Amino acid sequence: MRKKRRIKTYFAYAVMGIGGIITGILLIPTGIFAIIIYTIWTIINRIVCWCDKGDKNNDL
């Protein structure tokens, strides 16, 4: 009985380890995607601020 319990414990640890590895692998593309979105957002924000600033100078 003890050997069976030990095998179940090892199996549970193996499954949790594989799940953790898969989660880590899936988080890598998600992080890259988030960085790309942030970069695009920042660039667009700077362009919009630059355009608004140019409009204000033309009104004077």
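**The cysteine pair and its setting**

Reply: Cys51 counts as partly exposed, at a relative accessibility of 37%. On this scale, buried means under 20% relative accessible area, exposed means over 50%, and partly exposed lies in between (1.4 Å probe, protein chains only). The model is a predicted one, in which local features need pLDDT of at least 70 and side-chain atom pairs count only at pLDDT 80 or more, while totals for chains, interfaces and linings use all residues. Residues are numbered from 1 along each chain as its sequence is written, and side-chain values use heavy atoms, with hydrogens and water left out.

Cys49 is likewise partly exposed, with 45% relative accessibility. A disulfide requires a pair of cysteine sulfur atoms within 2.5 Å, and the structure accordingly holds 0 disulfides.

Helices are DSSP runs of H or I with at least four residues, strands are runs of E with at least two, and both are numbered from the N terminus. Helix α1 spans residues 2-59 and includes Ile44, which is partly exposed at 47% relative accessible area. Ile44 also belongs to a nonpolar surface patch with Ile28, Ile32, Ile36, Ile40 and Val48, whose accessible area together is about 540 Å². Such patches consist of residues with over 30% relative accessible area and no salt bridge, nonpolar side chains (Val, Leu, Ile, Met, Phe, Trp, Tyr) being joined within 5 Å and like charges within 9 Å. A salt bridge is a side-chain nitrogen of Lys or Arg within 4 Å of a carboxyl oxygen of Asp or Glu.

Of the 60 residues of the protein, 0% count as buried.

Definitions and conventions
Accessible areas come from the Shrake-Rupley method with a 1.4 Å probe; for residues, only the protein chains shown count as cover.
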